Amino acid sequence: MYNIKLNLALIKNLEYKINKEGWFLETVLLYCNAIEMLVNTFNSEKIQSEGLSIFKNFILKYSKSNYFISLKTYQMT
């Protein structure tokens with residue numbers, strides 16, 4: 001997520017539209033990969049913390065949402 005924040009800051013300072021779009025797509029890829037890594041980790045670990053369980057459920061639900069699926073599809077084009 002740190003790299004995503006850095007990329008978004010970089011995009012603001014770029015001059016050419018094609019460079020901004022390229023870095024944006026790279027940032028979307030990083031974001032989607034981060035969410036998928038969380039999902040994989042949560043699915044392979046037993047969570048005992050109530051707060052972390054709530055976050056796990058949110059991430060699992062979000063990863064199956066139309067918004068996230070369309071974002072992953074957008075990233076692949």
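These are my notebook entries on a predicted model of a protein chain.

**Entry 1: ground rules**

I number residues from 1 along each chain as its sequence is written. Because the model is predicted, local features need pLDDT of at least 70, side-chain atom pairs count only at pLDDT 80 or more, and totals for chains, interfaces and linings use all residues; side-chain values use heavy atoms, with hydrogens and water left out.

**Entry 2: confidence**

I looked up pLDDT, the predictor's confidence in each residue, from 0 to 100. The chain has a mean of 92. I noted that 96% of its residues reach 70 or more. Where is confidence lowest in the protein chain? It is lowest in helix H4 (residues 66-76), at a mean of 84. It is highest in H3, at 96. A reminder to myself: where pLDDT is low, the predicted coordinates should not be read in detail.

**Entry 3: overall build**

I counted 4 helices and 0 strands. Helices (H or I, at least four residues) and strands (E, at least two) are DSSP runs, numbered from the N terminus. Along the sequence the pattern reads α-α-α-α.

I then checked the dimensions. The C-alpha atoms fill a box of roughly 50 × 25 × 15 Å along the principal axes. The radius of gyration is 15 Å, whereas a compact globule of 77 residues would be near 11 Å. That radius is taken over C-alpha atoms, and the globule rule is 2.2 Å times the number of residues to the power 0.38.

Next came burial. Of the 77 residues, 23% count as buried. Buried means under 20% relative accessible area, exposed over 50%, and partly exposed in between (1.4 Å probe, protein chains only).

**Entry 4: helix H1**

H1 covers residues 2-13, which is 12 residues. From first C-alpha to last it reaches 17 Å, close to the 16 Å expected at 1.5 Å a residue. The expected span is 1.5 Å times one less than the number of residues.

Which residues of H1 are buried? I found Ile4, Asn7 and Ile11. Down the axis of H1 they fall within an arc of 60 degrees, so they line one face of the helix. The arc is that of the directions from the helix axis to the C-beta atoms. On the other side of H1, Tyr2, Lys5, Lys12 and Asn13 are exposed.

**Entry 5: helix H2**

H2 runs over residues 17-44. Its 28 residues should span 40 Å at 1.5 Å a residue, and its end C-alpha atoms are 41 Å apart, which agrees. Thr27, Val28, Cys32, Ile35, Val39 and Phe42 are buried in H2.

Glu26 is partly exposed, at 37% relative accessibility. Glu26 and Ile4 are 22 residues apart in sequence, but 8.9 Å apart C-alpha to C-alpha. Val39 is buried, with a relative accessible area of 13%.

**Entry 6: helix H3**

H3 takes in residues 50-63. Its 14 residues should span 20 Å, and the end C-alpha atoms are 20 Å apart, which agrees. Lys56, Ile59, Leu60, Tyr62 and Ser63 are buried in H3. They cover an arc of only 160 degrees around the axis, which puts them on the same side of H3. Glu50, Ile54, Phe58 and Lys61 are exposed on the other side.

What caps the N-terminal end of H3? Ser49 does: a side-chain oxygen lies 3.4 Å from the backbone nitrogen of Gly51.

**Entry 7: salt bridges**

How many salt bridges does the structure hold? I found 2. A salt bridge is a side-chain nitrogen of Lys or Arg within 4 Å of a carboxyl oxygen of Asp or Glu.

One joins the side chains of Glu21 and Lys17, at 3.7 Å, N to O. Being 4 residues apart in helix H2, Glu21 and Lys17 are separated by about one helical turn. Glu21 is partly exposed at 41% relative accessibility, while Lys17 is exposed at 61%.

Glu36 and Lys72 also meet in a salt bridge, at 2.9 Å, N to O. This pair links distant parts of the chain: Glu36 in H2 and Lys72 in H4, 36 residues apart. Glu36 is partly exposed at 29% relative accessibility. Lys72 is partly exposed too, at 23%.

Key:
Polar contact = N/O pair within 3.5 Å; in protein donor to acceptor, adjacent residues only side chain to side chain.
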